[in-house]
Amino acid sequence: MALSFVPPNDGYAVDPSLKAHATAREAELIDLANKHGGARKAERAEKLAHDTVGHAVRRAKRRMQKGQTASRPAAAPTVQRFLLTAAQDDTDVHAGFWMNLQAYALAIGARILVGGFTYQKGLYEDHATRTAAFRAEVQPYLEHENVDLGPLIFFAKMNTLPTAVKPLSGLETLARGKFGVFPHAKVQLASVPSLTSGLGYAHQMTTGACTVANYVEKKAGLKAEFHHQIGATLVEIDDAGRVFCRQIIATDDGAFQDLDAVTRKGMVTYGHRVEAITWGDIHREKLDPVVARACWGLDLETDHIVDADNMIDVLRPRHQIFHDLLDFMTRNHHRKGDHHFRFRMVQRGTDSVEAAVNACARFLRLSERPWATSVVVPSNHNDAYERWLREADPREDAVNALFWFRSNTAIYEAIQREDEGFDVFRWALAGADDRNMDDIVFPPRGGSYIVCQASGGIECAFHGDQGVNGARGSPQNLTRVAVRMNTGHTHSASIMDGVYTAGLCGMMDQGYNNEALSSWSHTQIVTYPNGRRTLVTVVDGKWRAAEAKGAEAVARAA
């Protein structure tokens with residue numbers, strides 16, 4: 001429905017009774033209008049976008065005239081939200097993105113902060129952002145000093161060249177254990193171990209830019225233009241001090257999606273699906289019950305779905321990707337010869353390989369949804385099962401001897417019929433499943449599973465343990481591949497060029513790592529239908545801060 005926007009009068013108080021018909025953010029803006037003596041004066045004093053206050057007042061008036069009230073989430077006032085982006089000097093703002101960023105900020109009650117960076121070519125010019133010329137649109141939001149937001153620091157003072165290949169290089173510890181966001185046109189994220197954050201990790205990331213690409217046509221400039229991202233970082237800080245950060249990357253017209261919200265042409269709408277979720281490494285035997293509930297609403301004790309406000313049911317992905325589904329803790333080759341560990345498994349009743357595989361099969365069925373294709377990616381922990389079948393001596397393992405013989409028989413029969421694509425892990429899972437896993441996708445090693453074909457494609461079938469030319473896998477190694485990828489394996493979330501890496505869904509204590517000094521996190525990769533991606537981290541059982549939607553989630557920016 002088209003709305004007419006009448007400029008508000010200025011210099012008079014707004015009727016406070018309108019607040020009964022306003023969202024939480026609109027009520028705040030009405031208070032600001034009364035504090036400063038009018039809508040325009042409030043916008044100038046608070047450095048708000050033109051018509052922000054007036055628009056809020058008109059929306060509340062329309063509801064009052066219709067006898068409507070606005071729904072206000074009880075927890076929303078306790079959540080601080082910030083939209084952090086970067087701007088280049090002497091460069092045009094991306095008009096579509098800037099309008100949408102303003103609209104989304106109004107819809108969710110976020111404050112926009114802009115960090116500037118300079119790219120002058122003259123050797124003797126002043127390179128300080130404070131004295132640089134920025135477009136009028138961003139000037140009210142520019143920050144020239146670092147902004148301490150409590151558990152997170154916005155390093156607005158960090159004037160990094162936009163041509164930097166690794167803009168976070170050497171900056172990992174600058175936040176001293178806090179989360180850090182740095183203004184830069186290239187989107188990058190790194191996980192660093194931290195003790196002082198209370199989480200065991202901290203993420204350092206760049207913002208993306210609200211200004212268009214503007215580079216010298218030389219090698220460094222053309223490379224920077226290729227990686228230039230129109231976007232911002234959304235930061236949510238709740239009343240418990242938990243930090244939730246998400247990347248907002250725009251399409252060419254400036255539209256963007258954040259979880260289930262799409263902002264296009266200044267309008268915010270909700271209920272949109274995502275294309276895929278690449279879960280952090282599962283490690284079913286060591287799956288964290290808090291993460292299982294946050295991601296799938298799954299109670300591991302009862303094997304039932306008990307919570308509808310979980311990631312998969314809210315975001316409704318068309319594909320869900322599982323890495324390291326099996327942990328293979330029971331007979332992992334790293335524990336070979338460790339009789340203390342073997343006895344511990346016996347005491348706990350967790351020494352059956354078949355039981356571990358069956359638990360994976362049950363998990364796949366509990367996590368499945370009729371509208372999402374489940375994909376099990378070949379991974380090193382899954383492969384440990386096949387290695388056990390090649391190397392173990394069943395005479396020394398009475399508990400697992402029968403399953404070992406049955407599994408090897410299946411392999412021998414596959415070899416006999418020349419079935420080169422036989423997957424013994426899939427065979428074992430099918431043996432515990434009424435549907436034989438026929439509806440679940442198992443790409444082979446070296447195979448492919450691509451989503452978002454229309455926007456260039458994102459490869460989702462590489463775990464990340466194997467790299468280029470036989471080298472061990474790493475995000476840095478995989479950036480040499482000329483295709484975007486969603487990977488796992490490292491348990492440390494990262495964004496490096498076109499490679500996004502998830503964390504894990506398993507327990508932080510995997511039995512071999514130092515939990516106190518770890519960069520691991522419970523981070524998932526969310527891929528949108530437009531081919532843009534974000535990282536979503538589960539913190540204390542929450543995968544986002546409290547919702548900030550009003551009754552009519554539509555906003556307009558100048």
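**Close-up views**

**View 1. Ser 374, a buried residue in strand β18**. Ser 374 counts as buried because its relative accessibility is 4%, where buried means under 20% relative accessible area, exposed over 50% and partly exposed in between (1.4 Å probe, protein chains only). The model is predicted, so local features need pLDDT of at least 70 and side-chain atom pairs count only at pLDDT 80 or more, while totals for chains, interfaces and linings use all residues. Residues are numbered from 1 along each chain as its sequence is written, and side-chain values use heavy atoms, with hydrogens and water left out. Ser 374 sits in strand β18; helices (H or I, at least four residues) and strands (E, at least two) are DSSP runs, numbered from the N terminus. Which side chain does the side chain of Ser 374 meet in a polar contact? The partner is the side chain of Gln 320, at 3.2 Å. A polar contact is a pair of N or O atoms within 3.5 Å; within protein, one must be able to donate a hydrogen and the other to accept it, and residues adjacent in sequence count only if both atoms are side-chain atoms. Apart from neighbours within four places in sequence, Ser 374 is in contact (heavy atoms within 4.5 Å) with Gln 320, Phe 322, Glu 368, Ile 440 and Val 441.

**View 2. The open sheet that contains β18**. Five strands make up this sheet, in the order β18-β17-β14-β24-β25, and the pairing is mixed. Two strands pair if DSSP finds at least two bridges between them. β18 (373-376) and β25 (533-537) stand at the edges; each has a single partner strand, so one side of each is left without a neighbour in the sheet. Direction ignored, neighbouring strands of this sheet are turned by 20 degrees against each other on average; axes are lines fitted to C-alpha atoms, for helices over the stretch in contact, and angles run from 0 to 180 degrees between N-to-C directions. Strands of a sheet pair through backbone hydrogen bonds, either parallel or antiparallel. In which sense do β17 and β18 pair? Strand β17 (residues 319-322) pairs with β18 in the parallel sense, over 4 bridges. Ile 321 has Val 375 of β18 as its bridge partner.

**View 3. Strand β9 and its two partners**. All 7 of the 7 residues of strand β9 (residues 231-237) are buried, so β9 is largely enclosed by the rest of the structure. In a regular strand the side chains alternate between the two faces of the sheet. Both faces of β9 are covered: one side has the buried residues Gly 231, Thr 233, Val 235 and Ile 237, and the other has Ala 232, Leu 234 and Glu 236, also buried. Strand β1 (residues 80-88) pairs with β9 in the antiparallel sense over 5 bridges, and the bridge partner of Phe 82 is Val 235. Strand β10 (residues 243-249) and β9 also pair in the antiparallel sense, over 7 bridges; here Ala 232 has Ile 248 as its bridge partner. The hairpin of β9 and β10 has 5 residues between the strands, and in this hairpin Gly 241 takes a positive phi near 80 degrees.

**View 4. The salt bridge of Lys 286 and Asp 327**. A salt bridge is a side-chain nitrogen of Lys or Arg within 4 Å of a carboxyl oxygen of Asp or Glu. The closest N and O atoms of Lys 286 and Asp 327 are 3.5 Å apart. Lys 286 lies in the loop between β14 (276-278) and α6 (289-296), and Asp 327 in the loop between β17 and α8 (339-348), so the pair ties together parts that are 41 residues apart in sequence. Are these two residues buried or exposed? Both Lys 286 and Asp 327 are buried.

**View 5. The salt bridge of Arg 362 and Asp 303**. The side chains of Arg 362 and Asp 303 meet at 3.6 Å, N to O. Arg 362 belongs to helix α9 (residues 353-367) and Asp 303 to the loop between β15 (298-299) and β16 (304-305), so this pair joins parts 59 residues apart in sequence. Arg 362 is partly exposed, with a relative accessible area of 42%; Asp 303 is partly exposed at 26%.

**View 6. The salt bridge of Asp 309 and Arg 544**. The N to O distance between these side chains is 2.8 Å. Asp 309 lies in the loop between β16 and α7 (311-315) and Arg 544 in the segment after β25, so the pair ties together parts that are 235 residues apart in sequence. Asp 309 is partly exposed at 44% relative accessibility, whereas Arg 544 is buried at 12%.
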